[in-house]
Amino acid sequence: MIRSMTAYASAEAVTPTGALTCELRTVNHRYLEISPRLPEELRSFEPALRERIAARLSRGKVDVIVRRGESRGESLQVDTTMVARLSELALDMEARFPRMRIEFTELLRFPGVLQHAEVDQEVQQAALLGVLDRALDALAATREREGNKLGDILRERLDGVARIVADVRTWMPEIRAALRTRLESRLADLKQPADPGRLEQELVLQVTRSDVDEELDRLSTHITETRRVLGLKEPVGRRLDFLMQEFNREANTLGSKSIDARSTNAAVELKVLIEQMREQVQNIE
């Protein structure tokens, strides 16, 4: 199953500890890189969150944003010790700076002054992982939809590669015959008659240098393997990336051995199709 590494999903839930929103954004990456942004009171659950994501995703850069809204029934507590200390500091500053005015609401904004009532940690973790699971489900569906499109593009390019390989196979007997004709013509221009044995040796040498049967066979093997990999039900991005390197290697060799304009153009077209596939493979998990 082809899955794209580029996707977005979100989920919301109303929990006993307040409303939770989870957003997931993923882009392509060689490995799995998770970057979570959690409210302060949920930071302790980050390891569990990472573990849950790693169980569902194998590659990609994942940005996780969790927002927590206030519950209507949530009770707040004031840290009276901190307020008293802040009050002492405010009076001291007021003596030094008579024009300075400190509002009560400004004191409440100071970190740690307002505290939420104690909530069961297991309840909070379950709520967080629950909304995360829903976001991951939506993300997986999006990645699979995008992956299906990428798979169609790759299969279409593979068909193009297969057509080129078949064309070059068809041309090869004619190319070899033309090579023999050229060689015989050049030897006929010599003032001294050529040794027939020497002609055959030279022809064998030239044909060996320009023989691309092995490259065509390997290209056909890579086409078959790529189609097989596209049907697997596991992450296949790394396998496909390796196959693209093998495709490119054979196309380069095919071009370097070419002695005919048709096979040269075919090698160029192959490289174009392979590069198009390689660009799409970069987005596959």
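Of the 285 residues of the chain, 34% count as buried, where buried means under 20% relative accessible area, with exposed over 50% and partly exposed in between (1.4 Å probe, protein chains only). This is a predicted model, in which local features need pLDDT of at least 70 and side-chain atom pairs count only at pLDDT 80 or more, while totals for chains, interfaces and linings use all residues. Residues are numbered from 1 along each chain as its sequence is written, and side-chain values use heavy atoms, without hydrogens and water.

The secondary structure comes to eight helices and six strands. Both are DSSP runs numbered from the N terminus: helices are H or I with at least four residues, strands are E with at least two. Along the sequence the elements follow the pattern β-β-β-α-β-β-α-α-β-α-α-α-α-α.

Strand β2 (residues 18-27) runs antiparallel to strand β1 (residues 7-15), and nine bridges join them; two strands pair if DSSP finds at least two bridges between them. In this pairing Val14 stands opposite Ala19 of β2. Strand β2 is also joined to strand β4 (residues 60-68), by eight bridges and again antiparallel. Here Leu20 stands opposite Arg68 in β4.

Helix α6 (residues 213-230) has 18 residues, which at 1.5 Å a residue should span 26 Å; the end C-alpha atoms are 26 Å apart, so the two values agree. The expected span is 1.5 Å times one less than the number of residues. The buried residues of α6 are Glu215, Leu216, Leu219, His222, Ile223, Thr226, Val229 and Leu230. They lie on the same side of α6, because they cover an arc of only 145° around the axis, the arc being that of the directions from the helix axis to the C-beta atoms.

Leu230 belongs to α6 and is buried, with a relative accessible area of 3%. Leu230 and Met1 are 229 residues apart in sequence, yet their C-alpha atoms are 6.8 Å apart in space.

The second largest pocket has a volume of about 190 Å³. A pocket is an open set of points on a 1 Å grid over the protein atoms alone, where a 1.4 Å probe fits, with protein on both sides within 12 Å along at least five of seven lines; lining residues have an atom within 4 Å of a point. Grid points are joined across faces, edges and corners, and the volume is the space filled by probe spheres set on the points. Of the 13 lining residues, Arg30, Arg59, Arg238, Asp241 and Gln282 lie nearest the centre of this pocket. Helix α7 (residues 237-257) gives the largest share of the lining, five residues.
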